[in-house]
Amino acid sequence: MSDGTPTAHEPSLLELERRAYRKRSTWRSVGIAAGSTLIFATVATLLVVNTPGWEAVKESFFNWEIGKESFPDILKGLWLNIQALFFAGIGVAIFGTTLAIVRSLRGPVFFPLRMLATIYVDLFRGVPVLIVLYLVGFGIPALGIFPPLSAAVWGTIAIGLCYSAYVAEVLRAGMEAVNPSQRVAARSLGLTHGKTLRMVVIPQGVRKVIPALMNDFVSMQKDVGLISVLGAVDAIRAAQIDAATTYNFTPYVVAAMLFIAISLPLTRLTDYVAARMNKREQIGGVV
Amino acid sequence: MSVLEVRDVWKAFGDNTVLKGVDLTLEEHDVVVLIGASGSGKSTLLRTINLIERIDDGQLILSGDDISDPGVDMDKVRARIGVVFQQFNLFPHMRVIDNVTLAARKVHGENPAAARERAAELLAKFGLGDKLRDYPDRLSGGQQQRVAIVRAILTNPELLLLDEITSALDPMLVGEVLDLVRGLKDTGSTILMATHEMAFAREVADRVVFMHGGRILEAGSPKDIFDNPQQPETREFLARVTHH
């Protein structure tokens, strides 16, 4: 390619022929993709619309009037989800990093801490989020040692506890992927183990797992909807209330649309970042 | 007082004994060059001195301090020794200026602005004055290695360990790195280096040490070692590296 090179090089006839060929095949690919998408969408729509129960389904899931009416309530509920996401995100960043660091500490002094962190991660990765929500949301307040907090707060804490475990594992994988020679170089300068982690290993490790971390964040974005099971009036709970009063499922569809709307920008961004990192690290551009 | 005394140092990795009783002394301003085949123990010796590998027996004395004592603060010892690696090992997420000043700022507690100023001067002196804000992956191998050397010397270490620092460079770039080492010798640095550059060893070394099978087989002035080697292994090694 001639990008950036100041010398003006006239492409040969052979290269021009190759470019023309690539262009033709690109257009052909686009055409095929567009055609197959259109056919698939048409067939899928026809199949769904011609099912015997479609009219009933349309009435109870896609009722425009009910959807419009429930929208403000659900949007208000969504604000609670966004707040929960915000605070859980901060909590996960702090606690998840702490767990990852504790698990990577060496030396016998740290054995109990390391073991605790390992047990924690194993437990929370294994238990379904819903069960953690019930245990934290109903169990901890029942101890009677905490001031009364809203269901949303306990829900946020529960989500944060679960995702800290996931994120800790991702971060640890990233830290282990940093070449050991980086550690040697840092220690040779006289940096302590802690400073080596903080200034050399973690910054490089995090970079390696950014797409995976963003992926977890997208998952968390929808899982904050689960705080509704504790009674917090979030988007899902608001939809549930509207559904119960109208005997119609459309509010759930509205809630779903809103969740998609907030996650879509980040999903796209995740793909973009991952693609860019691949491009930067991969030399073989053809494969 | 000697800068470094290596006394009967032994080191094994599993069944493989890599150092079999090495003795070596460096006085201030000494430039000592380790030569020998790959696997003869040169790199391991350098790594034990920097406390990256723990020795199995013997003693290491740095300016009078027993650094092989288990109670020693290893981070403090490493901060007194500069190391340059074959693969540069610059930190890819830091700009050149931050790479070079990391130890000064975070280990020696130097004022960051002052450290950056000193680093900028030193980098400019070695022809890297326009690279301060670049990330290492934008530099050629020779430039990266010169940055790595500046990183090692910025805190004025008592001893400089250079571990085959030109082995990963293509021949065009070896010269610019060796020029820099020549400059360090002139400013009086105490240097222990492993290298395969025999011409450079002959020119710059006060003493050449030939290692073979984990032992120092022969040591002396460059003239002695290169022109009149006493041991058959030395002769064989020199014949191989100088005629190919």
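The area buried between chain B and chain A is about 1,700 Å². Buried area here is the accessible area (1.4 Å probe) that two parts lose on being put together, summed over both. Carbon and sulfur atoms give 62% of this area. On the chain B side, B:Asp75, B:Phe91 and B:His93 lose the most area to chain A, together 31% of what that side buries. The model is predicted: local features need pLDDT of at least 70, side-chain atom pairs count only at pLDDT 80 or more, and totals for chains, interfaces and linings use all residues. Residues are numbered from 1 along each chain as its sequence is written, chains are lettered from A and ligands numbered from 1 in the order in which they are written, and side-chain values use heavy atoms, with hydrogens and water left out.

Chain B contributes 20 residues to the contact and chain A contributes 18 residues (heavy atoms within 4.5 Å). The rule finds one salt bridge across the interface (a side-chain nitrogen of Lys or Arg within 4 Å of a carboxyl oxygen of Asp or Glu). A:Arg187 and B:Asp75 meet in a salt bridge through their side chains, at 3.0 Å, N to O.

A:Asp223 lies in helix 9 (residues 210–223) of chain A; helices are DSSP runs (H or I, at least four residues), numbered from the N terminus. A:Asp223 is buried, with a relative accessible area of 15%. Buried means under 20% relative accessible area, exposed over 50%, partly exposed in between (1.4 Å probe, protein chains only). Not counting residues up to four places away in sequence, A:Asp223 touches A:Val129, A:Ile159 and A:Tyr163.

Methods
Helices (H or I, at least four residues) and strands (E, at least two) are DSSP runs, numbered from the N terminus.
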